[in-house]
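Please work through the following exercises with the sequence and the model at hand. Each task is followed by a solution in steps.

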Amino acid sequence: MNSSTGSGTDGSDTGTDGSDPGTGMPDPGTAGPEGVRLQKVLANAGVASRRVAEDLIVAGRVRVNGDVVTELGRRIDPESDLVDVDGTAIQLDQSKRYVMLNKPTGVVSSMRDDRGRPDLQRFTKDWDERLYNVGRLDADTSGLLVLTNDGALAHVLAHPSFGVTKVYIAKVTGRVLPQTIARLTKGVELEDGPIAADKARLLDAGSDASLVELTLHSGRNRIVRRMLAEVGHPVVELVRRQFGPLHLGTLPAGRARELTKVERGALLTLSREAAAPPDGEDPQGDQETE
């Protein structure tokens, strides 16, 4: 026997045409000429149940395109409108994928290397979507690399004009002195111009080797290695531990995982709040490589 009802995406029963099975009237949450009710969009995005989503709206904690919405009847277009709750962006487009990879050394930052070297393609087999790496890490540098099919977000993360910070830990030769750390933050002169670390910390100093943490937003090629070589401490090993709001944590080398809901929200919030590139700067400039 054929049923005249089906299950809605949030678990509620609706008619096959989107109508209420009891009244035959259109379900007020389904898409129509005027869009989808905001509370249904929030429920479908996994923010909360419809009832809790309604409470969030009434409390003034939800914004649509930057404007606070408190009316429960508000409809939106999930494909074009931007929604945030308590200032954190909500992912409405479920076709987008955001993956964190702990790139091991010996792997080039390319989805397909034309020279036959080990590349990133092997780490994307668990996802049907075609993913791309955001920025690059040298083959001899390990650490956090973001893979995504969200081009707009990738541009914000990779382009230095947006000032997204990266944190590196470098093992270098020799004993690093506090004066050297101060010099790194004050700035050093390289062949392509001066550069200063946003932050620098000495994590450990031995007679033969030291550990230095550098925070940078520069996108210049091999900038960490060149800075440390300039101050007399060539890099032996280099790992990127942080990229914007993302932390590598305990993810093993050579492993990839999808970002959590919290991490996705942090990335999308950063992307939406990023300022436009300064006048005169090429928005398609080179991405960072380290």
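The exercises below concern a sheet and a pair of helices.

This is a predicted model, in which local features need pLDDT of at least 70, side-chain atom pairs count only at pLDDT 80 or more, and totals for chains, interfaces and linings use all residues. Residues are numbered from 1 along each chain as its sequence is written, and side-chain values use heavy atoms, with hydrogens and water left out.

**Exercise 1.** Determine the strand order of the open sheet of 4 strands.

Solution. Strands (E, at least two residues) and helices (H or I, at least four) are DSSP runs, numbered from the N terminus. Two strands pair if DSSP finds at least two bridges between them.
- Step 1: the order is β5-β4-β7-β8, with antiparallel pairing.
- Step 2: β5 (67-68) and β8 (88-89) are the edge strands, each pairing on one side only.
- Step 3: β4 (residues 62-64) and β7 (residues 83-85) are joined by 3 bridges, and arginine 63 of the sheet stands opposite aspartate 84 in β7.

**Exercise 2.** Describe how helix α3 packs with helix α6.

Solution.
- Step 1: α3 (residues 151-158) and α6 (residues 261-273) pack at about 75°, with axes 9 Å apart. Axes are lines fitted to C-alpha atoms over the stretch in contact, and angles run from 0 to 180 degrees between N-to-C directions.
- Step 2: α3 is therefore roughly perpendicular to α6 (65 to 115 degrees).
- Step 3: contact (heavy atoms within 4.5 Å) involves Ala152, Leu153, Val156 and Leu157 of α3 with Leu267, Leu268, Leu270 and Ser271 of α6.

Methods
Angles under 35 degrees count as roughly parallel, over 145 as roughly antiparallel, 65 to 115 as roughly perpendicular and the rest as oblique.
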